[in-house]
Structure formats: C-alpha cells, structure tokens
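Have a look at the fold first.

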Amino acid sequence: MGVFWSRGYHATALPDLLRATKLSRGSLYAAFGDKHSLFLRALDRYIAIALTRIDIELDHRREPVDGLRAYLAGYVDRNSGANGRRGCLLVATTMELAGRDAEVNRRVAGFFRDMEARVADALSRAKTAGRLADGVEPSSAARILVCFVEGLRVVGKTAPTRIISQATVDAFLDRFIR
C-alpha cells in the first residue's frame with residue numbers, strides 16, 4: 001500500500017513491489033496475481049482503514065456534533081505538515097485512474113457513498129438533537145462535507161499550517177451547526 005501511495009499506480013514498477021513485499025517475482029504473482037490485483041487489494045485495505053477510522057470518530061455513543069468535530073479534526077491532522085504533503089491514496093488514485101479503470105472507479109465511488117452515509121447519519125442525529133442550523137438538510141450537507149474534506153486533502157499537498165486547516169474546518173462546520 002505504501003509503495004502505491006508514494007509513487008502512484010503507473011509509476012510503481014515490479015522491482016518496487018518486490019522490495020516492499022520482500023517476495024520473489026513468482027511468490028508475488030502466486031500470492032496476488034498481477035500488479036493490478038495487488039493494487040486493488042491495497043486500495044481495499046486503505047478504504048477499510050479509512051471507514052473504520054470514520055466509524056470511530058462518528059461513534060453513535062458520542063454526541064453527534066462532537067463526532068463531527070472529531071471527524072474533521074482527523075482531516076486536519078492528515079492535512080497538516082508531512083501528512084498533508086504525502087496526500088491521500090484515494091484522492092491520488094481517483095485522479096490517476098478512476099475515469100479509466102472500472103474496478104477502481106467502483107471502489108472509489110463506493111467509499112464516497114459509504115463516507116457520505118456515515119456523515120449523513122451523524123448530521124441526522126445532530127438535527128434530532130436540535131444542533132443543526134436552520135435549513136440544513138442532512139443528506140445534502142453530508143455530500144457537501146465529503147467534497148469539502150476531499151478538497152482539504154488536495155489542498156493539503158501544498159502543506160498548509162495546522163492553524164489554517166483548523167480555521168478552515170471551524171468556519172465550514174459553523175455554517176451547519178448551531
């Protein structure tokens with residue numbers, strides 16, 4: 001996963017994968033099939049880790065606004081300094097492959113749908129608790145929020161300071177929460 005994340009799919013060569021996995025060519029192909037199959041497994045792992053993290057941040061036992069703040073704080077962390085410069089495997093993959101690779105497109109679209117559903121649920125719980133601003137509809141706000149955080153990841157490649165990222169997140173969330 002790390003090799004694809006650092007280099008991208010097309011720039012990753014077989015020797016890179018052999019070094020990273022410490023497998024011989026035959027063992028790599030026996031274990032994973034081809035480069036594309038290995039990449040899809042790495043992408044699936046990345047997505048599973050991200051969804052688990054989102055589930056923890058938006059935990060139903062937590063007050064929904066606190067969960068949304070934790071969710072966005074995670075993006076501030078991932079958007080700052082070296083983390084921000086490294087970027088997001090999913091965003092990089094989307095830009096490189098999603099329009100040309102049906103399997104990648106399916107996975108990326110599924111991830112965005114799953115993330116949006118989780119955020120919409122948190123926003124619905126916030127609405128029930130009387131914490132959403134007037135006129136905010138949870139499913140539309142969730143779609144906007146997903147676009148916002150993925151945009152943060154793109155901007156993160158320019159290494160904004162933590163203060164700037166946090167101020168941006170706070171200003172954005174304040175539009176939805178009372």
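## The overall picture

Of the 178 residues in the protein, 44% are buried. Keep in mind that what you're looking at is a predicted model.

So what is it built from? The protein has ten helices and zero strands. Follow the sequence along and the pattern reads α-α-α-α-α-α-α-α-α-α. The C-alpha trace spans about 60 × 30 × 30 Å along its principal axes.

As for how the chain comes together, take the contacts between residues at least 6 apart in sequence: 71% of them join residues at least 24 apart.

## Surface and charge

| Side chains in the protein | Number |
|---|---|
| Positive side chains | 28 side chains |
| Negative side chains | 20 side chains |

The centres of these two sets lie 6 Å apart.

## Where α2 meets α3

Now for the close-up. At what angle do helix α2 and helix α3 pack? Helix α2 (residues 14-21) and helix α3 (residues 25-32) pack at about 85 degrees, and their axes are 10 Å apart. Angles of 65 to 115 degrees count as roughly perpendicular, so that is the label for α2 and α3. On the α2 side, Leu-14, Leu-17, Leu-18 and Thr-21 make the contact. Their partners on α3 are Arg-25, Leu-28 and Tyr-29.

Conventions
Residues numbered from 1 in each chain as written. Predicted model: local features only at pLDDT ≥ 70, side-chain atom pairs only at ≥ 80, totals over all residues. Heavy atoms only, no water. Helix = DSSP H or I, 4+ residues; strand = E, 2+ residues; numbered from the N terminus. Buried < 20%, exposed > 50% of the residue type's maximum accessible area, 1.4 Å probe, protein only. Contact = heavy atoms within 4.5 Å. Lys, Arg positive; Asp, Glu negative; His and termini not counted. Charge placed at Lys NZ, Arg CZ, Asp CG, Glu CD. Axes fitted to C-alpha atoms, helices over the stretch in contact; angles between N-to-C directions. Parallel < 35°, antiparallel > 145°, perpendicular 65-115°, else oblique.
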